[in-house]
Every structure is written in structure tokens, then in C-alpha cells.
Amino acid sequence: MTELSNAVDIANAVRNGSVSAVSVLDEYLARIDARESSIHAFNLVTREQARTMAAQVDADVKAGRDPGPLAGVPIALKDNMCTRGVPTTCSSRILEGWKPPYDATVVTRLAGAGAVFVGKTNLDEFAMGSSTENSAFGVTYNPHDTSRVSGGSSGGSAAAVAAGFAAASLGSDTGGSIRQPAALCGVVGVKPTYGTVSRYGLVAFASSLDQIGPFTVDVRDAAVLLEAMSGHDPLDSTSIPQPALSLQGSLDRDVKGLRIGRIIDLPGGSDPEVEARLAESFDALAAAGATIVDVELPSMKYGLTAYYLIAPAEASSNLARYDGVRYGLRVDAADTNSMYMATRAAGFGDEVKRRIMLGTYALSAGYYDAYYGKALKVRRLISDDFARAYQKADVILTPTSPIVAFPVGAKVDDPLSMYLCDVFTIPTNLAGHPAMSVPFGTGAHGLPVGVQVLAPTLGESVMFQVAAHLERVAPGGAK
Amino acid sequence: MIDGYELVVGLEVHVELATATKLFSASANRFGDDPNTHIDPVTLGLPGALPVLNRQAVEFAMRIGLALNCTVQACTFHRKNYFYPDMPKAYQISQYDVPLNVDGWLELPGGKRIGIERAHLEEDTGKSTHIGGTGGRIHGSDYSLIDFNRAGVPLVEIVGRPDIATPDEAKQYVTELRQILVAIGASDAKMEEGSMRCDANVSVRKPGAPLGTRCEIKNVNSVRSLGRAIEYEARRQIALIEGGEKVRQETRHWDETDGRTHTLRTKEDADDYRYFLEPDLVPLAPEAVWIDAVRAALPMLPRERRARLSSATGAPADGEAVMVVVERGQDDYVLAVASAGADASRALVHVKEAYAEQGAVPSVPAADLARMIVLETSGKLTSTQAKIVLAEIMANGGGDAEKIAAAKGFEAMDTSALEAMVDEVIAAQADAWAKYCAGEEKAMGALVGAIMKASKGKADGKAVTALLQSKRG
Amino acid sequence: MPDTPQARISPDTVAKVARLARLDVSSAEVDRLTNQLAGMLEHFADIDALDLAATEPMTQPYPLVNVMRDDVVKPSLDRDEVLAAAPAAEDGRFRVPPIIGLEG
């Protein structure tokens, strides 16, 4: 095992020439070779591409060119981000073998910062799920206990970082798909403000909720990755027209005087150990001079309903393009309509079909007002609740997940109980706010627990300031 | 009014905008190229692709709205969800409850105003070609091939109110709309190429009765077909009603070859489009300064040009001469001829009759036509001679009318006197004239000889021959 | 709103929605989906009682307006590369089975 465990240290060492990008890559590939078969973090390990990229970084260093802030950092990409010429499957049969003819903006940006892409990680099909059990290509197991799930939908990306297969990875978060697996795998996971990171080239699940963000071993790495991938992109109409985030300066700032929100009407049902870790995180911040303030989010309890109407509605439209005409799977039939029906029936898994059905229903004539229309209004209520809460608090803390990593198969037959895993993460996506999960001790079975730091729109600086403090004072043993 | 029934017609016209690129992506908006050579991730609906609105398309759409007296307003885009192989995303991005342009009107040349409900932006589909079966029809085909070059091309759909009462008004509406679109540069508006497409909602009723059930007629590919299709459809509906049957609300397909409309689908088949706000786009709210600038930059519209030409020439604004000359874009030229000193109404007549093959900028300098008209109106050239001289000027792309007239000998004698003389000889030698008119060229010799004799040699032989020829017609 | 979960959505509705979504489903799947969807809709009934008459729907997380690009052509994707990834292609175009019953 290398002593270079985080992205910032790797990049510094590669940039100053003390270590080569190729040798860093070799160490990571060796770890993949040793343990990937028991984790299944990847749909595809892109060895050759990684070697080419690493060699280019080394050539740049040798020639006196700075490869960038992520020089030689092995990074894994969730397999729902388009990579030119490299299969992008969304863990779905319907896209199996499809090679995008273009790169996602984040891919271009990270490559431009010197990153080395080691592979495409497993996910719940089209990012629909909370355990990475809905992948057409098999489950991703939790590196802390391979009988348990890695969380989801970005389970492969979380597991890849937790298992040391990559120094960092990218995920996408629609209702908690970065933060929940980060918590379950004991790594840092960030969902930035909606519009901060371009969605161009991210295969859409729910367009008004999706955001790309990083998984890293520590908070500083997350800041560096986010700095490299954020900033306005003219190819995404919902991209906020502002320069890249500047976050590293907040990491060492004192939390003294900050107002930390505690939700007094937080939905219950969390593991007692999870609640205990949350209480300890408040205590730690209070001990450092922050003020704990009570806030109310009375509409938060409706978040699950709003989310599970809005996200499937958008998804039903976003996934309609998988019709067997231009790319991906086709199941032949006598006429085009039968071909559509057969292709989509064969190409999508049960959870995806369920959500397409739910979303189609929620948008259909006669039901729009009762379901989708109403959900949009609930979304407003939740956003308004947050606006009031952030008048009193700079950030809010919650558990990331109510429970620690659960055994594989424990929830697959009960979609609703699976959906409940996202109860603390969903409201953030509805509001478009940033939130991140920081490892904070362990819970049942010694499994990692994550504390979630929530902040208002573009409040990433204070969010990272608090997260960095929590990281410094976290109980040992999680990593 | 047909057989005691009133027609109620509303037209929905789709026009492709003359942008360089597509509505939501940067591949080229070009007609007639090799299939699938103007494609990009957005056009093909590739996973991960995102739309970004084309500013020029918005500006063209605003021009259309303002030229049609609409209010331009803040608006949004929706997804219209339906499956069709030439619709790459399985949804069309269109405008639904809040379109860009609302509540305008178009004035027909005779002054009647047809209401415009809305004119909104949306994207075009790709093109399907049906292979096998009979005559490229969809039914009975073996398979279809899809070209996405047209997919994503910006369209404005102009929804007219049902204020049209005759097939002729419908034709006038589309003709006028076409001229407006071309004048403002928003579209080349060619029905034959499909850059302007027209659907007609047709119903009939007894005067004073409530609105009848309407049918939508699609696949009308020319102004002439539009009139025929509406006429046919109205008569079909009247026959149904007179026969005690009901008109079913349905979409019908105009068949140019048999001159009939055929059922395409009934209302029961109507899809559930599940419209919802397009989450990949943000609202469009053109600022007042932008709207004002677009309005200020609008060129003079055909209606105004006709009014201007009418007041300059005294010819009626909806008369054939003014209509034709403005449609050809030659009204500026007529006015230039007039300001060079010629009589405007004569200029209008000459341009209308002789300039059909000329463009908006005729090859003959306005001053040359003006000099010819001055000769004509001062009596130095007869109208017949004037035509001959003009033909010569046009053949040479310009020329001095006096010199041409002199070369033709039109000045050898007072032309009106010569013409009077010719008329006298024709009257006196009716036999020879009749033979000449019947095609006996020899008879001309007798006529010319008699005229030369009567003029005591003053008349120019060529001019006399020309006169006789022109009088024969 | 009906009281029992099963009454919230009928198998007929589920079958109709599956057709709208172009998903071939067996009758057994219709029954299973009806039960699952009814269970979810039952859970989602928590918002039924909310009075939202005065609440504006929220469709966009961040309030942007007038995002436009210049009308400048960029190169097309390579047709051969794109068609090579298509399930069926012919003569520079995408090939599909006969188009029946889809008009509209």
C-alpha cells in the first residue's frame, strides 16, 4: 500500500517529480487486481486509457509543463457519464456496449486538470436505487463488509474510493446517490448546489435534481476536485454563470461563531448509534465555539412523496429516448411500435420500469394536478422551509443515512423501505442546495456512519468549513 | 358560403426559420444535404445531451410575432412526449401554455383581419422515408429509413383564429403570410420544400348556428392545394350533414392525386402528450429593449408597401398590378422610376407587364425606363411604340429611349399622326387587313405601300411594319 | 381519494400507462405493478390533505432566465461512427421496421 492515500498528496508529488503518475497508477491497478472480484466496483477498468493518460502526465512534468491540480490522480467515473469511445452503460442492458461519441464536460475538465481515469463504476440502473443492487451487471459490495451493500446509486464510485481502487471518484446525486453511499462506505461525498457542476454528458435521470459531485478520502480532496470541475458551462442551460468554486481557503477556518442548525422535527426512525454520532457532531462543534440553533422544517416529511413523484416523472420522459432506433439495444419485431415495446421491456430492469410507470402515470391526463402538479408545490414548501431555517442557521446537520450499510438483499423486495433510506438526503435535491457527507465514527457492526452538512444555495464555503472541522474531530476507526 | 353553409376555417402554419444552426444545438440547419450529415448529440437525443436555445431563432420568432401584431411576452418551454422514430428524444420541445407571441392579426389585402392566437417556437422532427409497398406510403411499407438532418430545426407555429370564411381567403392568408415571412427574413417559406407547412381546421355551419365539428386537414403542399382541400372538405362535411350524418372530429390527410381528404386518425386515438415544463431549459423573457430593437429593425411589410405604391400610382392597393409588383418586390423600383420624372401609374403598368422575369432589382436602370415613359406620356411614342422601345431597352439591359426610337424611325413623324394614318389605311383596305390578319404576309406590302403613299414618304417603313405587326397582335 | 391502496390505481390504468410508456408487460406483471404502484400512491397520499391553493409550483432549483447561444455552426458528428452504433442502418440512414399505429 502506498503512503500517498489522497488526491492532493498524489498531485503534489507528481507535479514536483518525486513520483511518477505511472507508478501511482500501477499501485492502484494492483489493488484493483487484488480485490475487485470481491467488491465489483467497476463495470469497466480502463487500464490502457489510464496508462496513456498517466504517461502523458509524466511527459508533461518531464517537459516542465504543469499537468494541473489533479496531476496523476487516479479517478473513477460513475458509468452514467459519457466518455468518448469508452462504453457508458448506466448499468443497463439497454445501453450495453454503447460508446458515446463525446465526452461529458466534467470528464473534459478533470482530464484537463491532469486526472487519470481508471474506470467506469457500477451503479443502480440509470441511478435509480439506494444500494447498487439494481444494476444489470451485478451488486457492488461494501469494502467494509462484503456481505453488505455499498449504498447507491453511486455505490461503485463510493466503494472504489473506500477500497483504494481510485484516489477519488465522481458520482451523481439525484436524491442522495452520492451522500448515502459515501456514508455507507466511510468516505467523503459532496452534492454541490444545482447548477454548479455541468450536467452536459451526464445521462439524465431527473434533470431538475441531478448534480455531479466527488467522492474522496478526505474533505480537502473534495474541495480540490470540486474546484476543478465546477464553473459555468455554456453547454448546460441550467449551469450557473459564475466561475469555479474556491473552497480550499475555507478548510482551516475556525467554526467559532457559526450557527449550526438542528432540525427539531427531523423525521425519526434512525439507528440509535446514528443518532448518537449526530449528537456528538453537534457537541464537537459547540465545543469549538459554534452555536447550535433549533430550526424547523415542517414540510421535510413530505419530501419523499414530492421526490418520488417529480423524479420518476422527469425520468419517464428522459428515458423515453431508449427506443432501439439510434443506439443501444433493439429487440426486433414486425413493426416499430412492437419493437419499442419489446426493446424497452427487455432493456430496462424492474426498478426502472416501476419508476417509468409511476412517472408516466403522474404526468398523464387526469392525474397531473393530483400528483406531479401537487409535488411541485410541495417542493416549493420545502424550499421555503429551508429559506426560513437558513435565516437562523449557517448550516444544518442531519445524519446522511438513517441506517448503516444493510445486508445485500435485505430490501430488494420492498421498494418503499429502500426509498426511506433517502429521507435525509432528498430535501436538499428538491431545494437545489449543496450538502455533503463526512465520515463520523461508526454505528452498528462497526460500520461507518456519515454526518450530513447542509447549506443554502452556493453555501459550499461554509459547508466545507464545517465539514473540515468535523473531519478533524471525528471519532477514529471509521477509515 | 357553399350551399347555404358558412365555412369556418383556422390555419396552423409551421415555418422553418432561416437560422444557420438548429434550435437547441450547433449543427447546421440546411435543406437538401446528404442524410445524417447535420447531427450532434442533441439532435440525435444521445444520452447526456442538453439543449441550449439559439438566440437568432428567438429573434426570428420575435420578428414574426411583431410583424403579425402580436404581443411578445416572457415564456417557457415544455416537453410534448410521444414516441415516433423521427422524434429522437421521444419528446418534442415546444411551447405550451405560455408561448412567445400571442394575440395578433394578419390583414388580408382587401382589409379583412384574421386573428393570430399565438406564434410559438418548437423543434422540427427528422424525416422518414418509407421503403417498399406502394408509392412511398407509410401503409404497406416494408421498413422505413430515418434522416435526422431536419430534427431540431427551429420552427415557429403560427396558430390563426378561425376567422377565415372562404377557400380564397385561406389562400390569401397563406400568400400574405409567406410574403411577410420572406420580407422580414425569418424564413424562405417554401411550401414545396416543406419550409412552410399548412394545416387547416375546417368546419361548416348554417348561418347563426353554433360552430360545427371540425376536421384538421394535413399534407397540403401548395397554396392552390389549400384552396382545393378546404373546398373539398367543406363539401364533404355539408354532404354528411345533408345526408343526416354527423361530422366526426378527426385528422384528415389531403391526397393531391385524387383531390380528396382521407381519415388519418380519429380523436379517440388522441395521444396523451404528458406536457411538462422542460427542466433542461430556463424561461425566456425578452427584455423590452430587445423587443423594441427587433421592432425598429423590421422592414416595411407587404401591406405597407402596397399602400405606399397605391398612393403613389393611384392604383388600388388590392388590385392586380399593385399586388403583383409588390409580391415581386419591384415596388421600390417603380417608385424610383417615378422619382426620376416618370408618371408613376405608367411605370407600374410597364413593370407589371414587362418585368415578370426580373427580380426585385431589375437590370434596366430606373432612369432609362423613366425617359421612355416621359417620351410616351409626352406623345412622342405611342403606347405600342413604347412597348417596342422598352423591349429593346430590356434586351440590352438599358438604353436611351430617344435613340432607340430614332433608330426605329419612331421620330420621323409625329407618332400619333402616323398611327391615325395607319388606322385610316386599315379601314380603307379592309380586305388586305383581313388577309394580313389571317397570316398572309404578302398582304402587308399593300398596306405599307398605301401608308407610305398617304404620308408622302414621311413615315418610316420599319415603324409602319412594326405598327402593323403590333396592331395585329 | 379512495381508502384502499388497490383502489388507487386499477390494472386497466396500469396497462394503459404501460402502453403510453411503450413497455411490454404480461398480465402477471400488470398485477404485480398494480399492487406496487398502489402501495406507493397510498404512501404518497400524505400530501393529499395539504392546502396548496396559494403555493406556486417550483420547477427550477436556481432562477436563471434567457440562457442563449450564438447561431454559429459547429461540425457534425461523423455519420459513419454514429450509424455504426445504430441497431440497423441503410443508405446513410437509420433503419426501423414498418411504422404502424404510431401516428401522432
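1. Chain B splits into domain 1 (6-296), domain 2 (300-408) and domain 3 (412-473); the bounds come from an automatic or database domain assignment. This is a predicted model: local features need pLDDT of at least 70, side-chain atom pairs count only at pLDDT 80 or more, and totals for chains, interfaces and linings use all residues. Residues are numbered from 1 along each chain as its sequence is written, while chains are lettered from A and ligands numbered from 1 in the order in which they are written.

2. Between domain 2 and domain 3 of chain B, the C-alpha centres are 28 Å apart. Eight residues from domain 2 of chain B and eight residues from domain 3 of chain B make the contact (C-beta atoms, placed from the backbone, within 7 Å).

3. Chain B has an open, mixed sheet of nine strands, ordered S3-S6-S7-S10-S1-S11-S12-S13-S14. Strands are DSSP E runs of at least two residues, helices H or I runs of at least four, both numbered from the N terminus. Two strands pair if DSSP finds at least two bridges between them. Strands S3 (71-72) and S14 (260-266) of chain B each have a single partner strand, so one side of each lacks a neighbour in the sheet.

4. Strand S7 (residues 113-123) and strand S10 (residues 154-160) of chain B run antiparallel, joined by seven bridges. Glu122(B) has Leu155(B) in S10(B) as its bridge partner.

5. Chain C holds three helices and three strands. Their order from the N terminus is α-α-β-α-β-β. Of its 104 residues, 29% count as buried (20 or more other C-beta atoms within 10 Å of the residue's own, with C-beta atoms placed from the backbone).

Key:
A residue is buried if 20 or more other C-beta atoms lie within 10 Å of its own, exposed if 12 or fewer, and partly exposed in between; C-beta atoms are placed from the backbone. Two residues are in contact if their C-beta atoms, placed from the backbone, lie within 7 Å.
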